Amino acid sequence: MSEEPRASFGGKLSVILVAAGSAIGLGALWRFPYIAGKHGGAAFLLVFLLSVLVVGIPAMLAEFAVGRRTNKNAVGAFRSLSKRWSWLGYSGVLGALLISGYYYLIAGWSLEYFVNSLTGGMFSSDIPFKEQFDSFQGSWRPMIYGVVFILMTHFIVARGVEKGIEKAAKIMMPALFVILIVMAVRVAFMPGAAEGYKFFFSCDFAEAFKVDTIMMAIGQAFFSLSVGMGCMVTYASYFKKNNNLVSTSLNVSLLTLAVSVLAGLVIFPAVFSVPGLEPSEGPSLVFITLPEIFKGMPLPSLWSAIFFMLVILASLTSTISFHEVLTAYAAEEFKISRKSGALATTVISIALSAVTFFGLFGIDFFDLFDNVTANMLMPLGAMFTCIFVMWFMKKGFMREEITNYGQSNNRVVGVLLFMLRFITPILIFYIFIKNFL
Ligand code: PHE
């Protein structure tokens with residue numbers, strides 16, 4: 001409640017782990033490999049890297065500044081800086097709602113796959129994985145696992161910012177890195193791994209210059225870095241005044257890039273080790289193609305369980321973050337307790353997932369939601385946040401925030417401010433319009 005002193009994250013490392021926890025999720029592990037597989041492998045990686053540098057990092061800084069300056073939820077933060085811009089906070093809340101409508105369901109798939117790996121059910125039958133996936137989709141189980149995932153998220157968020165969110169990130173993120181590295185090393189020894197590396201690292205420049213590729217890469221940068229929908233605003237509202245925003249955003253981006261590349265290093269060599277599988281498989285890459293690969297390995301259940309555990313950990317630190325956007329909004333704007341805010345968020349998330357699940361079966365609906373958030377709402381949200389902080393806030397606002405009132409000034413600051421003022425918003429606008437035409 002507003003009378004209590006506001007919570008804050010601990011030191012430098014906590015802040016990085018919590019923000020990286022939000023960033024690293026299905027975006028890096030599931031979305032990145034299949035989009036890269038469809039858009040030229042290394043070519044996509046290159047454009048993605050540039051997108052992170054030119055649009056992702058500046059936009060994240062803008063959100064950090066808004067959140068930390070105001071110490072408020074996304075709506076309250078924008079409103080307290082300028083009444084006329086409070087809609088940007090609402091657009092963030094809308095984004096968090098849309099993501100809640102499908103993210104939990106996909107995260108729930110990995111729960112099902114984890115359980116099925118452990119019980120051995122997945123590998124004991126001869127039913128092709130495509131059929132297993134389809135029959136899973138046709139049953140009630142995705143909804144049930146989706147709800148379980150929402151409840152897991154609820155449990156952590158309801159425990160609070162420090163005891164729940166921060167503690168979870170401190171345990172889960174290191175575990176995630178260890179698992180990912182173990183998997184990458186294991187896959188390197190598979191036959192055909194070299195073929196996969198070749199695919200992932202050979203660059204088709206023609207692909208890199210296509211508007212479609214650039215648009216997808218920018219969308220991926222937003223989605224993967226959790227920017228453009230109030231998430232980093234909300235998290236930064238728990239930062240301390242002496243946290244260095246620039247180094248935090250750099251560290252978070254580097255970690256996200258590293259995990260995306262590692263995910264590619266796990267998935268592409270593995271795909272090429274089984275004849276007949278395609279790297280451009282699409283969203284089902286992780287859920288149909290990978291099990292096929294595990295099946296050919298000794299101890300398939302073990303590796304499969306480890307892999308899906310990885311997806312669960314990564315997704316959970318992300319679901320926590322958009323649950324928190326809504327929880328903080330509900331608690332602070334409607335002046336209810338944090339627990340009630342979390343409960344309201346959980347109920348709404350279950351309802352939205354049910355709408356998605358029962359409304360339409362199959363992947364396409366997910367695709368639509370995913371597209372609206374990643375390729376529309378988030379880019380526009382980020383663009384207007386940059387415009388707001390650079391053109392409509394009082395002069396010096398961004399400089400004050402990113403230098404901690406002059407205490408950590410260096411040469412990068414000038415470059416970042418220039419990008420924020422001109423390059424980032426113009427680039428987002430250009431790509432957005434171009435894609436529309
Ligand atoms: N960045 C998260 C991921 O890659 C998704 C996310 C988007 C989380 C927006 C919060 C806000 O999985």
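I looked up the salt bridge between the side chains of arginine 68 and glutamate 401, where N and O are 3.0 Å apart; a salt bridge here is a side-chain nitrogen of Lys or Arg within 4 Å of a carboxyl oxygen of Asp or Glu. The pair joins distant parts of the chain, 333 residues apart, with arginine 68 in helix α3 (residues 42-70) and glutamate 401 in helix α19 (residues 397-402); helices are DSSP runs of H or I with at least four residues, numbered from the N terminus. By the salt-bridge rule I count twelve.

I note that this is a predicted model, in which local features need pLDDT of at least 70 and side-chain atom pairs count only at pLDDT 80 or more, while totals for chains, interfaces and linings use all residues. Residues are numbered from 1 along each chain as its sequence is written, and side-chain values use heavy atoms, with hydrogens and water left out.

Turning to the ligand, I find 16 residues around it, the closest being Ala23, Leu26, Tyr103, Phe223 and Ser226; a residue counts as near if one of its heavy atoms lies within 4 Å. This shell holds nine nonpolar, seven polar and no charged residues, and α16 contributes the most, with three residues.

I then checked polar contacts, meaning pairs of N or O atoms within 3.5 Å. A ligand nitrogen lies 2.9 Å from a polar backbone atom of alanine 23, and a ligand oxygen lies 3.0 Å from a backbone N or O atom of leucine 26. The protein covers 100% of the 320 Å² of accessible area that the ligand has on its own, by the Shrake-Rupley method with a 1.4 Å probe.

Methods: A polar contact is a pair of N or O atoms within 3.5 Å; within protein, one must be able to donate a hydrogen and the other to accept it, and residues adjacent in sequence count only if both atoms are side-chain atoms. Helices (H or I, at least four residues) and strands (E, at least two) are DSSP runs, numbered from the N terminus. Ala, Val, Leu, Ile, Met, Phe, Trp, Tyr, Cys and Pro count as nonpolar, Asp, Glu, Lys and Arg as charged, and the others, Gly among them, as polar.
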